[in-house]
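Trainee: I have a protein model open and would like to learn how to read it. Could you take me through a few features?

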Amino acid sequence: MRSAVVVGAGIGGLAVAGALARSGWRVTLLERADRVRPEPTAVALWPNGVRALRALGLGAGLEAIATGLPDGGVRRPDGHWLVQPRPTPADRMPVVVHREDLHDALIAGLGDEVELRTGVTVRTVRAVSGERPSVGDGRHTIEADLVVAADGTDSALRRQLAPESGVVSSGCAAWRAVIPWYRAPKLPADRPVGGEVLGAGYRFVSASLGDRGSSGGSSRGGIYWVATAVGAPRPEPPETQLALLRRWYAGWPAPIADLLDATDPTDVVQQEIRELRPLPRSYGFPTGPGGVVLLGDAAHAMPPHLGQGACLAFEDAATLASLLRESRLPDAVVAYDRVRRPRAATVVRQTRRMSAVLKARGPLALRARDVALGALTPRLLSTAATTAAQWRPPT
């Protein structure tokens, strides 16, 4: 039986660990935290992410917890439309899912064949020609045929395998929250929940997690929102951060004020937005009879402006699982790098272009931004949607 060590029990690590176990691998999943638990927020999955989860055998679980996310259009802070809402073909419509529901589905997908060890901080990786790969925590070493580095943006394994790639700030911070239905504002029928508003260095996106009073297969329905602002994360307590958000987004189109007023400080999760620059020169490192691969944010951490971080992690997992079924292990590691690096580079390039538009500040920059928002952003959004829609799992 072939063996694998997956480092990191985030969504990418959980997805690939379950896929390998279902293919007959003996899998050890290592997590630094004492408990494996997700943020109490939500995530949007574009068609590529949905297809990847289906390829991983998790489609049924996803359908039970996901809510379709129709095109709500893009507005300016003055309420004028930048991009009018348009009908979305079924094969291009993203879905939104509560992270805790997604986490439960991924945990269920592990089955009984994955050994999960928490409280393990992996510090070293061995990828030496002619030897089996291994990882170590300073006290113990674990060898396997395959090592998957899914240990996030600050990946210790990537720092050793691809030291040319560093983590830098994207110059933005994000705040996310899910307002449960019992506290969510009741909005008029002509005031849709979902949509996006773009301003000078600020952005606000909201979506409904199911319908009020009925959240499908989830008990965690509500209204999800994410606010992004240029600058560093705020050091103040959550109550002060929420007060700042209400001030920053005052006067923006409805229902933003209603949503922020209904948000409790305990709902809010703040995140510094960081990315890899440059991307690693390789995502696959064959060694001896096996190899090491980078997956998810360890391979291509990027700003969340196009909503592709989780989707690319699931693409990585689906691609790796498929290649391992069809090829010898070292060949699969090489093929994984050949397939995934160009794909990630394309999506990261699009995301950085959007990031540059969103961070425009100052009179001259804002005038240029207004032109860009009227022309560049719709093209970017359309291109990103096409890129997401076109990806298919390898066969």
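Trainee: Which strand holds Val43?

Mentor: Val43 belongs to strand S3, residues 42-45. Helices (H or I, at least four residues) and strands (E, at least two) are DSSP runs, numbered from the N terminus. A word on the source: this is a predicted model, where local features need pLDDT of at least 70 and side-chain atom pairs count only at pLDDT 80 or more, while totals for chains, interfaces and linings use all residues. Residues are numbered from 1 along each chain as its sequence is written, and side-chain values use heavy atoms, with hydrogens and water left out.

Trainee: Is Val43 buried or exposed?

Mentor: Buried means under 20% relative accessible area, exposed over 50%, and partly exposed in between (1.4 Å probe, protein chains only). Val43 has a relative accessible area of 8%, so Val43 is buried.

Trainee: Which residues is Val43 in contact with, leaving aside its neighbours within four places in sequence?

Mentor: Contact means heavy atoms within 4.5 Å. With those neighbours left out, Val43 touches Val95, Val96, Val97, Arg99, Leu102 and Ala310. Take Val96: it sits 53 residues from Val43 along the chain, yet their C-alpha atoms are separated by 5.7 Å.

Trainee: Now a helix, please. Which residues of H6 are buried?

Mentor: In helix H6 (residues 238-248), they are Gln241, Leu242, Leu244 and Leu245. Seen down the axis of H6, these buried residues fall within an arc of 155 degrees, so they line one face of the helix. That arc is taken from the directions from the helix axis to the C-beta atoms. Their cover includes strands S13 (166-180), S16 (222-230) and S17 (269-277), along with helix H7 (256-262).

Trainee: Which residues lie nearest the centre of the largest cavity?

Mentor: Of its 13 lining residues, Arg75, Gly195, Ser206, Pro255 and Ile256 lie nearest the centre. Strand S14 gives the most to this lining, with three residues.

Terms used:
On a 1 Å grid over the protein atoms alone, a cavity is a set of points where a 1.4 Å probe fits but cannot get out, and a pocket is an open set with protein on both sides within 12 Å along at least five of seven lines; lining residues have an atom within 4 Å of a point.
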